[in-house]
Structures are given as structure tokens and as C-alpha cells.
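Reader: Before we go through the features one by one, could you take me through how each should be read?

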Amino acid sequence: MTTRPPAEIGMPLDEVDTPALIIDLDAFERNLARLPARIAGSAVRLRPHAKTHKCPVIALQQVARGAVGVCVQKVGEAEAMVYGGVRDVLVTNEIVGQQKLRRLAALAHIARIGVCADDAGQVGALEAAAAEARVTIPVYVEVNMGGNRCGVEPGEPALNLAGQIADAPHLSFAGLQAYHGSAQHLRGWDERRAAIAQAADKAGSTRDLLARYGIACPVVTGAGTGSFEFETGSGVYTELQCGSYIFMDADYGRNLDHDGAPTKTFEPSLFVWATVMSRPAQERAIVDAGLKALAFDSGPPLVWDEPAASYERASDEHGRLALSAPTNRLYIGDKIRLVPGHCDPTVNLYDWYVGIRNNRVEAIWPITARGAVY
Ligand SMILES: Cc1ncc(COP(=O)(O)O)c(C=O)c1O
């Protein structure tokens with residue numbers, strides 16, 4: 001069941017019910033504009049990852065600012081994007097099982113739907129689904145950049161798979177999926193630069209190998225919020241898949257820029273709005289946002305509005321804030337903003353974004369692909 005929105009248009013922020021997922025629209029729009037500005041003049045194109053926001057309203061804003069389309073991870077996310085009006089979607093993932101493949105192929109009737117493969121049997125299954133639906137599906141060979149998740153090894157294994165795709169009557173070889181996920185949160189600038197230099201080397205030599213065998217590789221796609229400068233300057237990557245840049249989160253905020261200071265490229269724009277529900281002691285306040293309102297896989301949220309407070313411990317429906325100094329805030333009923341540790345899985349806990357400008361509700365957007373895990 002979709003929950004009812006915690007707010008109404010025009011309502012003051014203070015009246016928005018909690019826990020709610022709020023967007024600071026000014027900060028969000030600055031992030032939205034900053035990435036295209038940073039890559040302007042380069043040859044790379046932007047294909048933001050919609051697994052972050054799961055919301056076609058946001059995807060269409062990204063397209064309006066020059067993105068060629070979006071990425072998703074799941075067929076359900078692809079359906080949400082296509083039905084929401086996005087006409088070019090890349091599933092940066094392996095899709096397994098006849099039911100999912102049929103849904104994927106059905107989407108190809110109304111939009112360009114790319115998908116990844118890292119296995120010969122899967123290429124066969126994709127071909128069968130595309131043939132049955134009478135569509136042609138662009139397929140990208142996923143190459144292991146060092147993250148040891150999905151992906152064939154660079155070089156010959158990628159060449160063999162690309163050849164099989166190119167030969168399949170209902171598939172077209174579209175390029176290399178070369179995302180290096182484990183580089184994104186390496187804290188140091190130089191560490192990230194070195195990791196992406198290695199990835200670009202692997203992707204570039206694989207692309208050149210394909211060319212020697214007569215297989216053109218139109219796209220090398222990858223990159224995230226933590227590394228996009230390096231892929232942009234690599235001369236190998238042609239598309240960027242950054243997702244978190246629109247919102248940022250506490251974990252990305254710990255990455256360091258070239259000057260050694262915490263990154264300022266993008267700013268937090270996504271917050272969980274929470275209420276103090278108990279103040280049992282001077283040094284302790286309890287908020288109504290716990291494990292069911294925030295993702296904790298990348299650590300606790302930051303307390304944005306009160307420097308003396310840190311989010312110390314979560315249980316299902318409670319969050320314990322520790323106060324290191326006296327404050328005249330955080331009494332029962334007070335509301336505060338928390339910056340999630342990890343934006344994507346936090347978004348997946350909510351049905352609605354509440355967009356705030358000048359302390360008023362300006363927008364309420366459905367998180368259409370919330371829970372779209374199949
Ligand atoms: C395949 C893929 N591409 C791109 C990204 C980049 O996302 P972000 O910019 O949020 O790090 C991710 C994140 O996990 C991913 O899995």
C-alpha cells in the first residue's frame with residue numbers, strides 16, 4: 001500500500017509530518033546543474049543512475065539538463081522510467097529469468113532499452129526473448145573493473161561475448177559496461193584517480209582488441225559520483241552513470257577533494273525530517289527515525305541542524321542522539337534534518353519526496369520505483 005503524503009503543497013516545513021524524506025530544492029537544483037557544467041566541453045555524455053532517486057519526475061529533469069537517458073538496475077525500475085516518459089534506459093545489470101526478460105523485451109517496443117551481459121548462456125536467453133518480442137535489444141558486455149561483482153574479465157573473454165552478441169539476430173553490441181564501484185568511496189583523490197586510471201586502461205585495451213577483430217565499440221560506460229572527473233578525462237569512457245550527485249549523503253561527504261578537504265563538488269540536498277519524541281536526559285534526545293526510516297549500511301546519519309548532537313544508535317523506530325554540549329533545541333516536538341548515511345537505500349524506504357523551498361512545501365513527487373526490486 002502506498003502511504004499518504006506527509007505534507008501538502010504550500011504547507012510550512014514545520015508542519016510536515018515525520019519521518020519524511022525532504023529535498024532542499026535549491027541545493028538539489030544546484031547539484032543537478034553542476035554535473036553537466038563540470039563535464040561541459042568534454043566528449044562524455046551523462047546517463048545518470050535512476051537507482052538513486054527511483055523517480056521519473058527527477059529523471060526527466062536530468063534529461064532536460066542534457067542527459068541522454070538514465071541507468072537503472074532492475075526491470076521494475078526500467079518500467080517505472082519508461083512509463084514515466086524516459087525514452088532511453090540502460091539496465092546496468094544482468095537480468096536473469098524468462099519472466100523478467102519478457103518484461104524487458106516488451107519495454108523495447110516503446111523505448112531504447114539497453115542491458116548488460118557477462119555470460120554466453122545469458123546472451124542466448126536475451127536473444128530468445130528479443131526474438132519472441134520481435135525487437136532488437138542493445139547489449140553491453142559488462143567487464144570486471146576490479147570490484148569483483150558481475151562482469152567478464154577484460155580482453156579475450158569480453159571479445160568472445162561481444163562477438164556472440166554481434167552475431168545474434170535480435171541483439172546489437174552496444175559497448176562496454178565498465179563501472180568501477182569499489183573506487184567510488186576510496187577517500188583520497190589520488191587513490192580514486194589511480195583506481196580509475198587502471199580501469200580505463202582495462203576498458204581501453206578491451207575496446208582496442210574488439211576493434212582489431214572488427215567489432216566497433218560505440219560506448220564505454222561507467223563512473224559514479226566519487227570518480228566522474230577521472231573517467232571524463234580518461235579518453236576512454238564516453239558515458240557517465242553518476243547517481244548520488246543529486247542528493248549526496250554522509251558517506252560521500254567523507255570523500256576528499258584534490259586539496260585534501262572533504263568534497264564540496266556537490267552538497268547535501270536530501271534529508272530525513274524527524275521529530276524529537278522523547279528527551280529523557282539533558283545529554284540524550286530520541287527522534288522518531290530509526291532503522292525503518294534510514295539506511296545504516298554506510299553508517300549513521302549526520303544531524304544537520306544541531307552541531308552539538310550526533311546520531312548515536314538506532315533501533316527499529318527510534319534514533320538516539322547524544323548531545324555533547326547544552327543546547328536550547330531538541331525538546332519534545334522539535335523537528336530536525338538528518339543527512340542519510342547512504343541515499344539510495346534510504347530513498348527506497350519512502351513513497352514520497354517532499355520538495356522544500358523557502359521553508360515551504362513546493363513539490364510532492366512519488367517515488368514510483370520504490371520497492372521495485374524485481
Ligand atoms: C552500475 C552502477 N553505475 C553507477 C553507479 C553510481 O552511483 P553513485 O554515483 O551513486 O555512486 C552505481 C552505484 O552503485 C552502480 O551500481
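**Helix packing, sheet and backbone**

Author: The axes of helix H3 (residues 75–83) and H4 come within 10 Å of each other and cross at roughly 20 degrees, where axes are lines fitted to C-alpha atoms, for helices over the stretch in contact, and angles run from 0 to 180 degrees between N-to-C directions. Because angles under 35 degrees count as roughly parallel, over 145 as roughly antiparallel, 65 to 115 as roughly perpendicular and the rest as oblique, H3 is roughly parallel to H4. This is a predicted model, in which local features need pLDDT of at least 70 and side-chain atom pairs count only at pLDDT 80 or more, while totals for chains, interfaces and linings use all residues. Residues are numbered from 1 along each chain as its sequence is written, and side-chain values use heavy atoms, with hydrogens and water left out.

Reader: Which residues make the contact of H3 with H4, and what is the hand of the crossing?

Author: Two packed helices are described by the angle between their axes and the distance between the axes. The crossing of H3 and H4 is left-handed, a term used if the near helix is turned anticlockwise from the far one by less than a right angle, with right-handed used if clockwise. Val75, Gly76, Ala78, Glu79, Val82 and Tyr83 of H3 meet Lys100, Arg103, Leu104 and Leu107 of H4, contact meaning heavy atoms within 4.5 Å. These residues divide into six nonpolar, one polar and three charged, where Ala, Val, Leu, Ile, Met, Phe, Trp, Tyr, Cys and Pro count as nonpolar, Asp, Glu, Lys and Arg as charged, and the others, Gly among them, as polar.

Reader: At what angle do H4 and H5 pack?

Author: Helix H4 (residues 98–107) and helix H5 (residues 120–133) pack at an angle of about 50 degrees, with their axes 9 Å apart, which means that H4 is oblique to H5. H4 passes H5 in a right-handed crossing, and the contact joins Leu101, Arg102, Leu104 and Ala105 of H4 to Gln122, Ala125, Leu126, Ala129, Glu132 and Ala133 of H5. By class, this contact has seven nonpolar, one polar and two charged residues.

Reader: Which residue has a positive phi although it is not a glycine, and which peptide bond is cis?

Author: Most residues other than glycine have a negative phi, and most peptide bonds are trans. In this model Lys54 has a positive phi of about 55 degrees, and Lys54 lies in the loop between S2 and helix H2 (56–64). The peptide bond from Thr18 to Pro19 is cis, with omega near -10 degrees, and Pro19 is placed in the segment before strand S1 (20–24).

Conventions: Helices (H or I, at least four residues) and strands (E, at least two) are DSSP runs, numbered from the N terminus.
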